[in-house]
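Subject: Handover of a structure

Dear colleague,

Please find the structure below, together with its sequence. I would be grateful if you would read the notes that follow with the structure open before you.

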Amino acid sequence: MLFRSPFALATLVSIAIVLVAPFMGQLQSYLRRSMSTRAYVLLFGVGVLIAIAAAVVYALARIRDGRRWRLALLGLALVCGGAYMWVNGTPYPEVNAVERVHFVEYGLIAFLFYRAWRPAGDLSMIVLPLLAAFTVGTCDEWLQWFIPVRVGEVHDVFMNLAAIVCGLLFACALQPVTRFAWRPS
C-alpha cells in the first residue's frame with residue numbers, strides 16, 4: 001500500500017541511499033582488499049553499464065509515439081552523462097568507477113521524483129524533482145562529514161546534480177506529459 005504512492009517510493013529510496021552511504025566506504029574498502037584493482041574497477045564499471053543499458057533498453061521498448069524528440073532526449077541524457085564523466089574523470093580508474101555509481105543513484109532518484117510530480121503537468125514537475133533530488137544529494141554528502149571513514153565533497157554534490165539532470169532528461173523521454181503549462185497549478 002505504501003509503494004502505491006510515487007512520492008512515498010521516491011522518498012523511501014532517497015532515505016535508503018542517504019542512510020546506506022556511510023557503509024559504502026566500508027564496502028569499498030573490503031572490496032579493494034579482496035580483489036585486484038582491475039577486478040574492482042570491472043565490478044563497478046560493469047554494474048553501472050548494466051544498469052544504464054537496462055534503463056535504455058526499457059525506454060526503447062516503451063517509447064512508441066513522438067519517437068524522434070523522445071529518443072533525442074534519451075540520447076541527450078546519455079551524451080551529457082558520458083561527457084560529464086569524461087571531462088571530470090580522474091587518473092584513477094577505481095575512483096572513476098565508484099563515482100559513476102552516483103549517476104545511477106541520483107538518476108534513479110530524479111526519475112522517481114519526476115514520476116511523483118509529473119501529474120502536475122506544469123513547470124513544477126521539473127523544478128520540484130530537481131530540488132528534491134538535489135536536496136537528497138546534498139544531505140548525503142553533508143552526512144558523510146560526520147562519518148569517520150567518509151568525507152563529503154562539493155565535487156560529489158555537483159556530480160549528483162549532473163546525474164539528476166540526466167535522470168530528468170531520461171524521465172521526460174520515457175514518460176512525457178500530454179499537456180504542459182509554464183505556470184504552476
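A helix axis is here a line fitted to C-alpha atoms over the stretch in contact, and the angle between two axes runs from 0 to 180 degrees between N-to-C directions. Please note that this is a predicted model.

Helix packing. Helix 1, residues 6-34, packs with helix 4 at an angle of about 170°, and their axes are 9 Å apart. Angles over 145 degrees count as roughly antiparallel, so helix 1 is roughly antiparallel to helix 4.

Surface patch. Leu123, Val127, Leu128, Leu131 and Trp182 make a nonpolar surface patch of about 460 Å². Leu123 is found in the loop between helix 4 (93-117) and helix 5 (124-144). Leu123 has a relative accessible area of 30%, which is partly exposed.

A residue of helix 5. Is Gln144 buried or exposed? Gln144, which lies in helix 5, has a relative accessible area of 2%; buried means under 20%, so Gln144 is buried. Leaving aside residues up to four places away in sequence, Gln144 touches Ala21, Arg150, Val151 and Gly152.

A residue of helix 2. Ala39 belongs to helix 2, residues 37-62, and is partly exposed, with a relative accessible area of 31%. From C-alpha to C-alpha, Ala39 and Asp122 are 46 Å apart in space, and they are 83 residues apart in sequence.

Yours sincerely,
A colleague

Technical notes. Residues numbered from 1 in each chain as written. Predicted model: local features only at pLDDT ≥ 70, side-chain atom pairs only at ≥ 80, totals over all residues. Heavy atoms only, no water. Patch = residues over 30% accessible without salt bridge, like charges linked within 9 Å, V, L, I, M, F, W, Y side chains within 5 Å. Areas by Shrake-Rupley, 256 points an atom, 1.4 Å probe, with all protein chains shown as cover. Salt bridge = Lys/Arg side-chain N within 4 Å of Asp/Glu carboxyl O. Helix = DSSP H or I, 4+ residues; strand = E, 2+ residues; numbered from the N terminus. Buried < 20%, exposed > 50% of the residue type's maximum accessible area, 1.4 Å probe, protein only. Parallel < 35°, antiparallel > 145°, perpendicular 65-115°, else oblique. Contact = heavy atoms within 4.5 Å.
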